[in-house]
Amino acid sequence: MMNTHPAPPSLRPIIAVFSCGFMLKHQAQAFVLQGAIDAAHELGFNLVIYSGTELASPVANLHQNVLYELANSRNMDALVLLTSSLMSFVTTAEMTEFHSQYSVPKVSLGIKLPQVYSALVNNYS
């Protein structure tokens, strides 16, 4: 159902999304991000997408990941992690250490993380 009387932007919840690469680089990720954009419009929340690169990548320009440092618990109300792409080069323990710096509710899309709501992806079925 469409939100016909949206709250002023300053009163809307802010949902941050950490993704890897630009929307057109990974087609599945593009669908997820477009769905998040559509939901933000329909449900009336602010969406901020931080599009860096894989954590600890040996081949990517890691300076792109400074974007993740711009996010903090004061400028977002919740965090969505596109872990299927972010975690190509890190372990679950390293990802847990990374996301623990953000003291907001979190959702992992792709890989199960301890003490985080997770929606798992099974590319093999």
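Two strands pair if DSSP finds at least two bridges between them. Helices (H or I, at least four residues) and strands (E, at least two) are DSSP runs, numbered from the N terminus.

The structure on display is a predicted model, in which local features need pLDDT of at least 70, side-chain atom pairs count only at pLDDT 80 or more, and totals for chains, interfaces and linings use all residues. Residues are numbered from 1 along each chain as its sequence is written, and side-chain values use heavy atoms, with hydrogens and water left out.

**First stop: the sheet**

Select β1 and β3, which pair in the parallel sense over four bridges. Within this pairing, Val17 has Val80 of β3 as its bridge partner. Strands of a sheet pair through backbone hydrogen bonds, either parallel or antiparallel.

**Second stop: the cores**

A nonpolar core is a set of buried Ala, Val, Leu, Ile, Met, Phe, Trp, Tyr and Cys residues joined through side-chain atoms within 4.5 Å. Buried means under 20% relative accessible area, exposed over 50%, and partly exposed in between (1.4 Å probe, protein chains only).

Which residues have the most contacts inside the largest nonpolar core? Select Phe18, Tyr68, Leu79, Met95 and Tyr102, in a core of 19 residues. The elements that give two or more residues to this core are β1 (14-20), β3 (78-81) and α4 (92-99). The largest share, three residues, comes from β1. A second, separate core of eight residues includes Ile15, Val17, Ala78 and Val80.

Select Phe18, Tyr50, Tyr68, Phe98 and Tyr102, which form one aromatic cluster. Rings of Phe, Tyr and Trp (its six-membered ring) pair if their centres lie within 6.5 Å; planes under 30 degrees apart count as stacked, over 60 as edge-to-face and the rest as tilted. In the whole structure, a search finds six aromatic pairs. The pair of Phe18 and Phe98 is tilted, because the ring centres are 6.1 Å apart and the planes stand at 50°. This pair links distant parts of the chain, with Phe18 in strand β1 and Phe98 in helix α4, 80 residues apart. Phe98 and Tyr102 have ring centres 6.0 Å apart and planes at 70°, so this pair is edge-to-face. Tyr102 counts as buried, at 2% relative accessibility.

**Last stop: the loop between β2 and α2**

Is Asn65 buried or exposed? Asn65, in the loop between β2 and α2 (66-70), is buried, with a relative accessible area of 12%. The side chain of Asn65 reaches the backbone nitrogen of Thr53 at 2.7 Å. The C-alpha atoms of Asn65 and Gly52 are separated by 4.8 Å, although these residues are 13 residues apart along the chain.

Finally, select Ser57, which lies in the loop between β2 and α2 and counts as buried at 4% relative accessibility. A polar atom of the Ser57 side chain lies 3.1 Å from the backbone nitrogen of Val59.

How values were computed: A polar contact is a pair of N or O atoms within 3.5 Å; within protein, one must be able to donate a hydrogen and the other to accept it, and residues adjacent in sequence count only if both atoms are side-chain atoms.
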